[in-house]
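Here's a quick briefing to read alongside the model. Have a look at the fold and the ligand site first.

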Amino acid sequence: MRILAFICLLFPLIVAAADLTKAQRSAIEERIKPFSEVCVAGDSSCESGGPQVASAEALPGEAKYAACGACHGAQGQGGIGPMLAGQTVDYIMGRLNAYRAGEQVGAQSSLMWAQAAGLSDIDIKDLSEYIDTL
Ligand code: HEC
């Protein structure tokens, strides 16, 4: 009988506690819910206008640039060849297409003819997109 009385006394408390927990949980969920969608840079399907994070995948041009870094610097800062950092995709693509076609750009273009001769259209696009990030 005592136990029953105890349970009867306790039951509303348990129910109240459960309710409180539910209320607390939704309050916490409200507080931690993302304020907006985070987009990966370059993902056109993401339209939230929220903050952008850089894609974790390395650009394909990064590996292709390894051979160029010897003359243009690992960060495109220049060396034997001119500085490339800060140039736009269009500018780099234009130059590489010119060198591949054997056109004279500067006094040392012959050095670049050999470099550009083996590049495919995709290589030129990839390299230009990577150099644009330097
Ligand atoms: C042997 C050294 C050397 C290597 C390797 C080399 N370059 Fe060059 N690059 C040069 C030189 C020298 C010039 C200047 C050429 C001129 O006078 O027209 C140049 C010019 C350029 C230009 C034009 C810059 C400007 O502002 O006019 C671009 C773009 C370029 N290189 C990209 C590349 C890429 C991409 C690679 C790798 C595939 C590469 N280069 C590899 C030496 C090099």
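At roughly what angle do the axes of helix α4 and helix α5 cross? The axes of α4 (residues 89-100) and α5 (residues 109-117) cross at roughly 90° and come within 8 Å. This is a predicted model, where local features need pLDDT of at least 70, side-chain atom pairs need 80 or more, and totals for chains, interfaces and linings use all residues. Residues are numbered from 1 along each chain as its sequence is written, and side-chain values use heavy atoms, leaving out hydrogens and water.

**Helix pair**
- α4 and α5 are therefore roughly perpendicular (65 to 115 degrees) to each other.
- From α4, L96, Y99 and R100 meet S109, M112, W113, A116 and A117 of α5, with contact meaning heavy atoms within 4.5 Å.
- Those contact residues split into 6 nonpolar, 1 polar and 1 charged.

**Ligand site**
- Y91 puts a polar side-chain atom 2.6 Å from a ligand oxygen.
- R95 has a side-chain N or O atom 2.7 Å from an oxygen atom of the ligand.
- For S109, a side-chain N or O atom also sits 2.7 Å from a ligand oxygen.

**Confidence**
- Mean pLDDT (the predictor's confidence in each residue, from 0 to 100) is 82 for the chain, with 65% of the residues scoring at least 70.

Note on methods: Axes fitted to C-alpha atoms, helices over the stretch in contact; angles between N-to-C directions. Helix = DSSP H or I, 4+ residues; strand = E, 2+ residues; numbered from the N terminus. Parallel < 35°, antiparallel > 145°, perpendicular 65-115°, else oblique. Nonpolar A, V, L, I, M, F, W, Y, C, P; charged D, E, K, R; others polar. Polar contact = N/O pair within 3.5 Å; in protein donor to acceptor, adjacent residues only side chain to side chain.
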